[in-house]
Amino acid sequence: MSLQMVFAAIVGGLYVALGPTVGAFITILMAEILRVGFGTKAVGWDNLIYGVLLVLFIIFLPKGILGSVLARIQIRR
């Protein structure tokens with residue numbers, strides 16, 4: 001559970017007010033997709049996927065999804 005909370009904050013964006021909310025929406029959606037997709041065949045794989053995605057987001061999108069989108073919008077103006 002704590003990995004999902006950290007994942008939600010980092011994916012959405014730590015430096016944006018609505019970032020964790022967007023990240024929580026993405027995290028819940030992904031959790032349900034993984035639950036339906038894997039079922040009981042691969043118990044624990046969701047944590048592996050969260051961990052890999054967490055590392056990828058930290059490396060490639062350090063501002064999170066919402067922070068990166070807002071930065072691109074601001075650059076275009």
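This note sets out numbered points on the core, helix packing and surface of a predicted model.

1. Basis. Local features require pLDDT of at least 70 and side-chain atom pairs count only at pLDDT 80 or more, while totals for chains, interfaces and linings use all residues. Residues are numbered from 1 along each chain as its sequence is written, and side-chain values use heavy atoms, with hydrogens and water left out.

2. Core. Phe7, Ile10, Val11, Met30, Leu34, Tyr50, Leu54 and Phe57 make up the largest nonpolar core (buried Ala, Val, Leu, Ile, Met, Phe, Trp, Tyr and Cys residues joined through side-chain atoms within 4.5 Å). Two or more of these residues come from each of helices H1 (2–12), H2 (19–38) and H3 (45–60); helices are DSSP runs of H or I, at least four residues, numbered from the N terminus.

3. Helix H1. Its buried residues (under 20% relative accessible area, 1.4 Å probe, protein chains only) are Phe7, Ala8, Ala9, Ile10, Val11 and Gly12. They pack against H2, H3 and helix H4 (64–76). Glycine 13, with a positive phi near 130°, follows H1.

4. Threonine 27. This residue of helix H2 has a relative accessible area of 5% and is therefore buried. Setting aside residues up to four places away in sequence, threonine 27 touches Gln4, Phe7, Ala8 and Tyr50 (heavy atoms within 4.5 Å).

5. Tyrosine 50. Beyond neighbours within four places in sequence, the contacts of tyrosine 50 are Leu3, Gln4, Phe7, Thr27, Met30 and Ala31.

6. Tryptophan 45. This residue belongs to helix H3. Its relative accessible area is 47%, so tryptophan 45 counts as partly exposed (between 20% and 50%).
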